[in-house]
Amino acid sequence: MISQEQLSAIKGAKVLMVGAGGIGCELLKTLALSGFQDIHVIDMDTIEVSNLNRQFLFRQSHVGQSKAKVARDAVLRFRPNISITPYHANVKESHFNVNFFKEFDVVLNGLDNLDARRHVNRLCLAADVPLVESGTTGFLGQVTVHLMGKTECYECQPKPAPKTYPVCTITSTPSKFVHCIVWAKDLLFAKLFGDKNQENDLNVRSSDAANSSEHSEDAFECRQDEDIEQYGRRIYDHVFGHNIEVALSNEETWKNRNKPKPIYSNDVLPKKLTNENGNMEKGCATDDVSAMSSLGLKNPQDVWSLAENSRVFLEALRLFFLKREKEIGNLSFDKDDQLAVEFVTAAANIRASSFEIPLHSLFEAKGIAGNIVHAVATTNAIIAGLIVIEAIKVLKKDSNDYRMTYCLEHPSKKMLLMPVEPYEPNKSCYVCSQTPLLLEVNTHRSKLWDFVEKIVKAKLGMNFPLIMQGASILYEVGEDLEEDMVAIYAANLQKTLSELPSQVTSGTVLTIEDLQQEFSCNINIKHREEFDEEKEPDGMLLSGWVEAPVDKDNSKAVGNGESTSNALPAEEILEGEKDVEIQEISVGTENATGRKRKLFEVSKGTTPDHSGLSDERKNHNQIEKLDVDDEDDELIISDDWESLTKKKRL
């Protein structure tokens, strides 16, 4: 039961909710039923059909409408006397500034991406407003509380970078199905249907440069004397046949690898495909632009044969050119684009067949290509309830009772909900502790543009950066800039760091500010001549966080995307690649700030019984920490997709 004190705090509170999706729908409902009277909701998305299975405030008739506005209307039907203010907008828009955030007593996040989370974190720090962060993936979830000066901020622990793969692995030596998916999505699909002027590593080079050049010069240009089927077959033969043969010509590559098998369309399909399938012409007339529909393939969980994949590949390509020709040249892969998913699945499977990699169904391939772990509505509801519990503590100023709570798939110490005390602020955090960062860069080669795009925007998450060296402004973004200053800053972008009016060399300290976020940090520059192109593709290396502790037995970093916890079954551990962090939390173990972090209710007043546990298990009484993404099932998953889709054993 809620006490009178809690009820008073709730009724007088002004709450900002960011996100009205999977968690957001449950959260808005729970806030309203808990007695909150003044709620503001920001969400830039509109409702899609795929949302309806778990976002229960929405109905079929709402598809295409604003999530924030429809959620408000749905809740007001059963709580008509409260105030809910919806904003169909991006939280990063300029009017959602620090002054806006200062209007609220607490901010509750139900976001789906790292960039927006960092942005909200910084605004809350600048406004000195408590933030309750959350996330779910499948049966796993978490709720964390961030309060300026008392607990760690969202960025106190480094977030793992998205998983990338060496270009040579993708183009020449794939060994996993995910490599084939990346090749089909980011190289082949982009080459055929995306920006023709964009650089693409699709064509494999052979030692016979003249022969390779002759064969690939116009491989992706449709010739005047060929129809769509002929063009499709020529593309098929080029990427699955010729390019494989070119790769095989480099014998050194295959000394310790299994050689791939070139595949040509005539080896798999009849010479005249249209005569073999009466549905193909019929497929062109239907409004449902789908290769599966055209070919009579109904179950997305079936694993297609090589011949079926080849048919889907050619039919999908044909439909793109016949039905969506105006879009060609501007397309990028979208997991909600059925035809794109069909094309990528088929292409990846044909390539997988060539390299003797097991084939996958469209359902599985879509999961990998769209980075999907399917959402569970019950998890969202549990997490929403935990958010409200922590929000009430925040409103009562009960900072000693704040908890970071993890929702587990299988019980650990007979608990599915695992609360732990929050960390103190990380003294090395460049966001809330303003610790300087270090950037290793070749100041004679790297341009200011590289620094702005790859570091300031991509890694530091700044939207409106101001870059200064001492009192000199090197770069600034803003609507009120005069034209001559805009021209000067644009010219600076094309100069190397050492060529700038105020030279940036080894030992230089740059100050970077974001005026919207009211956030600034210093970066110490260290000149470095060479970088590993595979491991350091940006040609620069940013550091300054406390490194994650290393498990000596396994030689793996703990707390930055992996877990060595034996408290949970191995099947539950996801190797995060987008916004996933699995943080080691040991009973009585000190964290980077020197403060112990205990298991609430487990370590409080009791001594865990380790009799019967192995020595290894005794040393790893840990809990997963998952900074996971809600909304539309999106989450970058591990390479080992098969292990995540297998039935778990209890």
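**Entry 1: strands E2 and E3.** I looked up the bridge partner of Asp38 and found Ser83, in E3. The model I am reading is predicted. Strand E2 covers residues 38-42, and I noted that E2 pairs with E3 in the parallel sense over five bridges.

**Entry 2: the sheet around E2 and E3.** Eight strands make up an open sheet, and I wrote down their order as E3-E2-E1-E4-E5-E6-E7-E8. The pairing in this sheet is mixed. At its edges I found strand E3 (83-87) and strand E8 (415-420), each of which pairs on one side only. Neighbouring strands are turned against each other by 20° on average, with direction ignored.

**Entry 3: helix H5.** I next asked which strands helix H5 lies across. Helix H5 (residues 114-127) lies across strand E1 (14-18), strand E4 (106-109) and strand E5 (131-137). I recorded an angle of about 165° between the run of H5 and E5.

**Entry 4: helices H13 and H14.** I examined helix H13 (residues 306-323) against helix H14 (residues 338-354) and found that their axes come within 8 Å. The axes cross at roughly 140°, and H13 and H14 are therefore oblique to each other. By class, the contact of H13 with H14 has 13 nonpolar, five polar and one charged residues. On the H13 side I listed residues including Leu306, Val312, Phe313 and Phe320. The H14 residues that they meet include Leu339, Glu342, Phe343 and Ile350.

**Entry 5: the six-stranded sheet.** I turned to an open sheet of six strands, in the order E11-E10-E12-E13-E9-E14 and with mixed pairing. Strand E11 (472-476) and strand E14 (540-543) stand at the edges with a single partner strand each, so one side of each has no neighbour in the sheet. The twist from one strand to the next averages 25°.

**Entry 6: the partner of E14.** I finally asked how many bridges join strand E9 to E14. There are four, and E9 (residues 437-441) and E14 run antiparallel. For Val441, I found the bridge partner Met540 in E14.

Definitions and conventions
Residues are numbered from 1 along each chain as its sequence is written. This is a predicted model: local features need pLDDT of at least 70, side-chain atom pairs count only at pLDDT 80 or more; totals for chains, interfaces and linings use all residues. Side-chain values use heavy atoms; hydrogens and water are left out. Axes are lines fitted to C-alpha atoms, for helices over the stretch in contact, and angles run from 0 to 180 degrees between N-to-C directions. Helices (H or I, at least four residues) and strands (E, at least two) are DSSP runs, numbered from the N terminus. Angles under 35 degrees count as roughly parallel, over 145 as roughly antiparallel, 65 to 115 as roughly perpendicular and the rest as oblique. Contact means heavy atoms within 4.5 Å. Ala, Val, Leu, Ile, Met, Phe, Trp, Tyr, Cys and Pro count as nonpolar, Asp, Glu, Lys and Arg as charged, and the others, Gly among them, as polar. Two strands pair if DSSP finds at least two bridges between them.
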